[in-house]
Amino acid sequence: MFKISKLVVNKRYLTLVLCSVFLLGIVVLYKGFYNKDGELFFYKQQNGDLITSVVIEFAETKEKRKLGLMHRQDLEEGYGMLFVFPDSRKRFFWMKDTFIPLDIIYVSEDYKIVSILKNTKPLNKKRLPSRSNAKFALEVNAGFSERFNLRVGDSMAYKKF
């Protein structure tokens with residue numbers, strides 16, 4: 001009789017442990033989509049005043065740049081993804097497999113905004129080019145650039161955590 005009740009207790013314990021590990025895995029997976037790699041700051045062209053900042057996830061490798069924000073269902077307010085390229089040239093993005101409407105902000109190698117694509121359409125395969133050479137591109141929620149009155153010529157800086 002004692003062995004049977006010990007077996008039942010072990011099954012319950014095992015079930016509890018497995019459920020806890022499963023739930024923890026879901027939380028880690030979900031929160032893993034929002035890596036906090038650094039912070040990005042925007043400054044006004046005219047006077048250098050701080051406009052706003054966002055927490056960023058870096059896309060510095062070819063693989064991360066290729067994946068970007070594709071397949072994600074949402075993007076927390078105040079978060080973005082900064083694409084860092086090895087060189088400065090005209091860039092083209094698209095919204096294939098991207099479910100979130102985004103603003104794409106292209107930035108030159110001297111950290112100046114060179115073009116802003118507002119309210120890009122999710123799942124669109126149309127090429128979305130920069131107007132001139134860019135070394136960086138920032139993807140943020142649609143409406144971000146309008147809300148903070150970002151303009152071509154404003155500058156950015158970033159730091160890694």
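**Exercises on aromatic contacts in a predicted model**

Leaving aside residues up to four places away in sequence, Thr52 touches Leu40, Phe41, Phe42, Phe144 and Phe148, where contact means heavy atoms within 4.5 Å. This is a predicted model, in which local features need pLDDT of at least 70, side-chain atom pairs count only at pLDDT 80 or more, and totals for chains, interfaces and linings use all residues. Residues are numbered from 1 along each chain as its sequence is written, and side-chain values use heavy atoms, with hydrogens and water left out.

**Exercise 1.** Locate Thr52 and decide whether Thr52 is buried or exposed.

*Solution.* Thr52 is found in strand E2 (residues 50-59), strands being DSSP runs of at least two residues, numbered from the N terminus. Its relative accessibility is 12%, so Thr52 counts as buried, given that buried means under 20% relative accessible area (1.4 Å probe, protein chains only).

**Exercise 2.** Describe the pair formed by Phe93 and Tyr106.

*Solution.* The structure holds eight aromatic pairs, counted where ring centres of Phe, Tyr or Trp (its six-membered ring) lie within 6.5 Å. One of them joins Phe93 and Tyr106 at 5.7 Å centre to centre with 80 degrees between the planes, and is edge-to-face, the class for planes over 60 degrees apart. Phe93 belongs to strand E4 (residues 92-93) and Tyr106 to strand E5 (residues 102-107), so the pair ties together parts 13 residues apart in sequence. Phe93 is buried at 10% relative accessibility, and Tyr106 is buried with a relative accessible area of 0%.

**Exercise 3.** Name the residues that ring pairs link into a cluster.

*Solution.* The cluster consists of Phe58, Tyr111, Phe136 and Tyr158.

Notes: Rings of Phe, Tyr and Trp (its six-membered ring) pair if their centres lie within 6.5 Å; planes under 30 degrees apart count as stacked, over 60 as edge-to-face and the rest as tilted. Helices (H or I, at least four residues) and strands (E, at least two) are DSSP runs, numbered from the N terminus. Buried means under 20% relative accessible area, exposed over 50%, partly exposed in between (1.4 Å probe, protein chains only).
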